[in-house]
Amino acid sequence: MPDEDKRSFKTEYIHSRKVEDVLNQFDTDPDRGLSEKEVEKRLSRYGLNVLKEQDEKSLFQILLDQINNPVVYLLSAATVLAFFFGDYPEAIAILIVLVLNAIIGFWMEFQARESMKTLKEIDKVKIHVLRGGEEIEIDAEHLSPGDIIHLKTGNVVPADGRLLEVSEFSVDEAALTGESVPVTKTTDTLKEETSLPDRSNMVYKGTAVTNGDAKAVVVGTGMDTEIGSISELVSSAKQEQDPLNVKLEGLTKNLIWATLGLATAFFVLGWISGKDVYQLVQTSIAWTIAAIPEGLPIVASIALARGMLRLADRNVVVKRLSSVETLGETTVIFTDKTGTLTENNLTLKAMEFSGGKMNVEWEEGKKAVNVNIEEGTGEISTSDDRFKRFFEISVLCNDAQIEEGDNNGEENGKGDPLDLALIQFGRAFANQQFEELRSKKSIAKEPFDSEDMVMGTVYEIDDKVMLLCKGAPEAIISRTSNIQSADGVESFSEDEKRRWRKRNEELSEDGLRVIAFAFKEMERSVSDDEDVEGELMHDLTFLSLTGFIDPPREKVIDAVDTCQKAGIQVQMVTGDHPGTARNIARQVHIADEENDRALHGSDLKEMVEKEDRQKILNTRIFARVDPSQKLDLIKYYQENGDIVAMTGDGVNDAPALKKADIGIAMGRKGTQVAQEVSDMVLKNDAFSSIVMAVREGRIIFENIRRFIMYQLSYHLSEIVVIAAVSFSVFSLPLLPLQLLFLNLLSDVFPALALGIGKGNPNIMEHDPKDPKEPIINNQNWFMIVMHGLVLSIFIVGAYFFTSLVWGLSDAISNNVAFFSLAFAQLWHVFDMREAEEPIFNNQVTRNKYVWWALLLCIVVLIIAYMVPVISNALSFQDLSLRIWLLIAITSVLPMVTIQLLKQLTKNMKLRF
């Protein structure tokens, strides 16, 4: 290859050069390809054939994010003060908590990043390439400019290339251009000004081969491809901050200011009163520890990560942990039709003959089929000559290839999806007759041509030479002069032709992809080199219109119904025909017959310009929508206050995926660019997986809210206990190290158990919460305050009872307060049930992790009391039996009280 700048090999003008010139430019041999030595040189210069990924956080940045947090700042300040005043045990304990938090947060985010890398490894593209005259299969990332590649049906095009040879070759370029119809390719030299969608002699990275074979020379790899150019532009799209992060940040700031205010007030008041500065500082540190739930970031990360792992087991890869929660707040889902709501697999649905209509019903995983006669449409049966001829055309006028021993044309076949659908029908309906017909040798053939829009084959059937044809209805009808009716072959009048053309439009409006069948009995023999299309395909006998549909995926109807019960709008956004979109929308319950208006992309543009907001918001089906209009829709709904999830697979979908609150890329048919900018990837491309993820997101948010309420309520009780005793007798009822030890248990283990629970089974029967609602709402704050006060009343009571009534020392009273609060906090986890749930059978009591967490905490408390080293560090005293009895009663009474109040207030606006 000439020593030129790498950028000179972009594909901009390659289409206007002759094949010989392109090969010379890239110094390659079309019959031998490049040598391994030359490939190594080019790879070292131009790099691997991969797209530049979105900027990935370094390991150091991930670690830095774990400590760049206001809570960490506050606890760090407490650590410094503890060291300054010589409280080394407290300082070291706080440091341990900070390190533990950083390690867990780092590990969870690191695992999320590695999960996405794993998906990319699974999705690596393989390609056949000529190396030194031998065709081998390699990873596409090792292609270099000048490589000669062999493309076959089903391949993903691995790099930009100039076509050298083609054989009935067509490519689906929807991912790049948005064009839904496969493009037929040639090797012709084109004009320099030819636009990208019309460059029929080129193939582009990320597109898909739908039919035929081809040989091409690689002219662009990696970022020097068309898809690479678009990838560079995607990074400029702004991405919204996650709602969960915003809410947690706001809650944390409020807690910090409240804590600083309390600590400062106590310190000033004590200093004015002449109290010891060391004691004041120690109490301020205790307040800091009591007020801030140190385990909050740890448990939030683990709860989100747990949800991520559950989703990964169900074909959903989450790239950012907080995206799972954001899905739980989703109010609108914009979903594509093909492959997401539907199977992306054409299926024969109906045949319409002169004098009769037949419908096809599939069963047993499409391995069995029933053909039914539509009532009131005339007399016809599967033994009728019209149907027999239809079956022959379906099988013989067909380019699809099936592998030996294949029992299902769809699964292992290669070829046009429509041809495969006919093969599938033939095998399922009459396999023996199908095999007999497929064993016949054709006399002559005219492959399907995108210009003529027809296909024809000549066979000898029952000692007659028959021309069998299929194609676009208009193309077939224009070539016919007769029609096959129940009474035989009749003249096909112009009025009849107009009626069939209108019928074609009606079927298309109903969402069917329609082709026409025709035939002609030849009066002479035909040679294999005869021009079938030019010389034979005229004066045909019209047979039928045949309709195909891409059926809805299994479970998608239930998934849509679940969304509607959950108050989530499901909008179909497709580039397909409005009629097809309406048909599928009705089938999957996105729309019904009274409300199935499909808004065309051209009309959407006009409405956006007129700011006809309400009409847009009331529409459920958007058809013929281009990628820029998807972006407009997202903006409209976000401005309306919605949390928007958007599915996409193509390169042009990338800006919309990035703009959406949740961008959902397809794992099977999705492009690398779409997957890079998305928040989630569906490995099975199924809409039902989105709904499952929404449910998981809701559960995670409720779990997070539940453990935050749990933590804040007992942290509030700690504050009240310290305040009640400190401001009254200026004694410290709970030491800083005791609080840190206690919070390390309760903030992590019971809270974590609440955070990873299975949630309420009826959670998808409620509307999504207002996206603007804070993570802790007014009702939640009422519960937190009331629960905290109930806990503190009994703990303060126990402290003063031992001190004033029993006359015990401050050290014993301190231990009573500590152990009473410790066990009360553990039992308090059962107060986190919803008021509507039974006391003994609810999502908390059914959560096995809660029981394991309680057992672990009880064992740790016993060990701490029994082991001298730990007991001395925590200032534990030897406690008598009557004191332990008091602790047991005091710790249980708060739970009993809250449960009684919860039952009494469950029908009130403000509930316990």
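Reader: Which residues have the most contacts inside the largest nonpolar core?

Author: In soluble globular proteins, nonpolar side chains tend to be buried together. A nonpolar core here is a set of buried Ala, Val, Leu, Ile, Met, Phe, Trp, Tyr and Cys residues joined through side-chain atoms within 4.5 Å; buried means under 20% relative accessible area with a 1.4 Å probe, protein chains only. The largest such core has 130 residues, and L467, F542 and F687 have the most contacts inside it. Helix α26 (residues 687-729) contributes the most, with 19 residues; helices are DSSP runs of H or I, at least four residues, numbered from the N terminus. Apart from this core lies another of 37 residues, including I393 and F434.

This is a predicted model, in which local features need pLDDT of at least 70 and side-chain atom pairs pLDDT 80 or more, while totals for chains, interfaces and linings use all residues. Residues are numbered from 1 along each chain as its sequence is written, and side-chain values use heavy atoms, without hydrogens and water.

Reader: What is F687 in contact with, beyond its neighbours within four places in sequence?

Author: Contact means heavy atoms within 4.5 Å. The partners of F687 include I333, L341, V556 and V570.

Reader: Why is α14 described as largely enclosed?

Author: Of the 13 residues of α14, 11 are buried, so the rest of the structure largely encloses this helix. Among them are L418, F425 and R427.

Reader: Is A835 buried or exposed?

Author: A835 is buried, at 8% relative accessible area, and lies in the loop between α29 (810-827) and α30 (848-866).

Definitions and conventions:
Buried < 20%, exposed > 50% of the residue type's maximum accessible area, 1.4 Å probe, protein only. Helix = DSSP H or I, 4+ residues; strand = E, 2+ residues; numbered from the N terminus.
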